[in-house]
Amino acid sequence: MELFAVSQPGLEEITAEELKELGIEGKVVPGGVEFEGSLREIYLTNLWLRSANRVLLRLCRFKAKHFAELVRKAAKCSWENYITEDLPIKVRATSKHSKLYHTKAIEERILRAIKERLGFEPKRAKYEDEGTSVIVRFENDICTISVNTSGAPLHKRGYRVCEVEAPLRENLAAAVVLFSGWKGEAPLIDPFCGSGTIPIEASFVALNIPPGRNRKFAFMEWRNFDGKLWGELLKEADQKRKRVNVPILGFDIDPEAVECSVKNSEKAGVSEVVQFKNLSFPEIYYEKAVIVTNPPYGVRLPKRQVETLYSMLGDWAARHFKEAEIYFLSPNRKLAERVGERAELLTYFSNGGITVGLYRVAYIS
Ligand SMILES: C[S@@+](CC[C@H](N)C(=O)[O-])C[C@H]1O[C@@H](n2cnc3c(N)ncnc32)[C@H](O)[C@@H]1O
């Protein structure tokens, strides 16, 4: 089967590396990674991918210039594996440079084709995350139909019981940790932890816990769901768990944020390896530390205050650790250089509608 791991643009390479670790060779394209696989790879990637948004299965691809042709060809796709009478579905279409451009009409014809093939009217989903979603993409008259194997987006791990201002999506937080290459060798610190997402995702990495361990996926509702295979993959994952021998720490000036981080870490099942404290730039000392953080940079804070915070971050790291690497987000290079003159841009991506760079600054005193 043709599969596609959807990534946030800018994070495709990190998703490809994750796939490689799972033994899957993929081809990086804008917006994700294409790869081949069977049900095993569908389950494995949904369970383990930390940085991806969702995993799609390419059901069929054909040329269509008229609605009658669309219905006829779409009715030949093997819908029976993915759609049952009581499973609600949602069809979403996009169209670029194609004769068929009316997306609502395309969606309606796809539903008609499914009915033609299966002999029943598919149930419509009311909510985005309900049942199975079908993604139809027209480009230059080529129609590609995909089924979303994940269901709710993969960033919804299920542990976020609360959030404070400007939380980072779980998959983006995980991607930032993966970019740092940290796997639990040195203390990891997030001095602006907010809802605790970065330290929690780092705990998953260090413990080698799959981020999808405790959630449901759309493929579990399919007719061909192999519960035995899924059970085996969960068992294998549990056997791969590691111990954590270094501190994983989150700090925040806002007591509510710290309370929220603790709650989230408890729900995530990692509260024993991660600690949160209500402190600003704490007096802690380590030989070596990896600092991974998403400082405040939004429009709500005055520019001066933000600049001061970025400068303080660099000074604090230089004073407290013999060796430190800081991986941090910044909306521009000028601000990033406040942390360190030689701030290195690793990638950039959209975070809540704002394009941010992921920068690295390293110190050795
Ligand atoms: C962009 S949010 C971090 C969001 C976090 N990554 C998450 O996923 O929820 C920035 C955080 O920095 C905190 N903060 C602002 N000034 C601070 C300071 N001087 N010391 C520590 N924390 C501070 C804010 O309270 C806020 O929770």
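1. A quick convention to start with: helices (H or I, at least four residues) and strands (E, at least two) are DSSP runs, numbered from the N terminus. Leu 301 sits in the loop that connects strand E11 (286-293) with helix H9 (303-320).

2. Please keep in mind that this is a predicted model, where local features need pLDDT of at least 70, side-chain atom pairs count only at pLDDT 80 or more, and totals for chains, interfaces and linings use all residues. Residues are numbered from 1 along each chain as its sequence is written.

3. Leu 301 counts as partly exposed because it has 13 C-beta neighbours inside 10 Å. Leaving aside residues up to four places away in sequence, Leu 301 touches Pro 296 and Val 306 (contact: C-beta atoms, placed from the backbone, within 7 Å). Ile 291 is ten residues from Leu 301 along the chain, and their C-alpha atoms are separated by 22 Å.

4. Helix H2 (residues 39-48) is mostly covered, with eight of its ten residues buried. Among them are Ile 42, Tyr 43, Leu 44 and Trp 48. The cover over the buried residues of H2 includes strand E1 (2-6), strand E4 (54-63) and helix H7 (227-239).

5. On the whole chain: the protein has ten helices and 14 strands, and 45% of its 365 residues count as buried. Its C-alpha atoms fill a box of roughly 70 × 45 × 35 Å, taken along the principal axes. Of the contacts between residues at least 6 apart in sequence, 76% join residues at least 24 apart.

6. Nine residues from domain 1 and eleven residues from domain 2 make the contact.

7. Finally, the ligand: 21 residues surround it, and the closest are Phe 192, Gly 194, Ser 195, Thr 197 and Ser 280 (a residue is near a molecule if its C-beta atom, placed from the backbone, lies within 6 Å of it).

Conventions
A residue is buried if 20 or more other C-beta atoms lie within 10 Å of its own, exposed if 12 or fewer, and partly exposed in between; C-beta atoms are placed from the backbone. Two residues are in contact if their C-beta atoms, placed from the backbone, lie within 7 Å.
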